[in-house]
Amino acid sequence: MKRSAVDADAPAGATVLEILYRDEDVVAVHKPPGLMVHRSELDRRETRFVVQLLRAQLGRHVFPAHRLDRGTSGVLLLAFDARTAARLGQAFESRAVDKRYLAVVRGWPEPAGSIEHSLRRLEDGKDRGDPDSLRQDACTDYRRLACAEVPIPSRHHDTTRVALVELHPRTGRQHQVRRHLKHISHPVLGDATYGKGPLNRAFAELTGTGRLLLACADLHLAHPVGGRPLRLHAPLEPAFAALCAKLGWNL
């Protein structure tokens, strides 16, 4: 096993991705917010991707085992060959991977609960209006970790409530965590698609943090070669961590 903040194989001057874990079969990186995993129809103008950057950094082909939304930071797992990537993909599809996310949301959700709400299949990140027969079952468990109030006027109050929430998606639907939090009226702050634009802008102006406040903190799974336990963790990205500190949340 090899852990490092940077990699000696990275080309001079290139963006260096933080390596969380690396062996002969897989590599896990800390994906920064704003970076797409691979080329997509969502943004044809984008020229920088995790797969491209990591290939240049390590001098080897890499194959993503799962996806993180462009704005989401945290643990991203990739394989060094297509067969291992396929095994990992099957593990994600069969719900054999325990995923833990952290999010800052509007309002104060219940202390804990499960969101069981089926979701339409998305195409390129967009809801194409598929009939209800194509809805997919989806479940996300959550726990509220901390609460705060910020001086942003809301509809009936002089302040706005915000909370730090831990989430465990039990299924892997596209944008599941973000869509489920919207469903219970506690959207992720900084979410331009499922959140509230005026609140996002006011919060960004107040805190100086305009990113999507969602991070994949942990992945727990069996190693695709040999089956030993693989526990991957990413600390909060600096801007996310600084915001939590500013709100008085000691993580």
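## Strand S12 and its surroundings

In the hairpin of S12 and S13, six residues lie between the strands, and Gly-226 there takes a positive phi near 105°. This is a predicted model: local features need pLDDT of at least 70, side-chain atom pairs count only at pLDDT 80 or more, and totals for chains, interfaces and linings use all residues. Residues are numbered from 1 along each chain as its sequence is written, and side-chain values use heavy atoms, with hydrogens and water left out.

Helices (H or I, at least four residues) and strands (E, at least two) are DSSP runs, numbered from the N terminus. Strand S12 covers residues 214-222. Seven of its nine residues are buried, so the rest of the structure largely encloses S12. Buried means under 20% relative accessible area, exposed means over 50%, and partly exposed lies in between (1.4 Å probe, protein chains only).

Which strands pair with S12? The table lists S5, S6 and S13. Two strands pair if DSSP finds at least two bridges between them.

| Partner of S12 | Sense | Bridges |
|---|---|---|
| S5 (residues 73-79) | parallel | two bridges |
| S6 (residues 98-106) | antiparallel | six bridges |
| S13 (residues 229-233) | antiparallel | five bridges |

Individual bridges place these contacts on the sequence. Gly-74 has Cys-216 in S12 as its bridge partner. Leu-102 has Ala-215 in S12. Leu-219 has Leu-232 in S13. In a regular strand the side chains alternate between the two faces of the sheet.

Helix H3 (residues 176-183) is also mostly covered, with six of its eight residues buried. Those residues are Gln-176, Val-177, Arg-178, Arg-179, His-180 and Leu-181. After H3 comes Ser-185, with a positive phi near 65°.

Two arginines sit over aromatic rings. The charged end of Arg-60 lies over the ring of Phe-80, 3.9 Å from its centre. The charged end of Arg-161 lies over the ring of Trp-108, 3.8 Å from its centre. The rule asks for NZ of Lys or CZ of Arg within 6 Å of the ring centre and within 35 degrees of the ring normal.

How many disulfides does the structure hold? The count is zero, where a disulfide is a pair of cysteine sulfur atoms within 2.5 Å. Cys-147 is partly exposed, because its relative accessible area is 30%. Cys-244 has 1% relative accessibility, so Cys-244 counts as buried.
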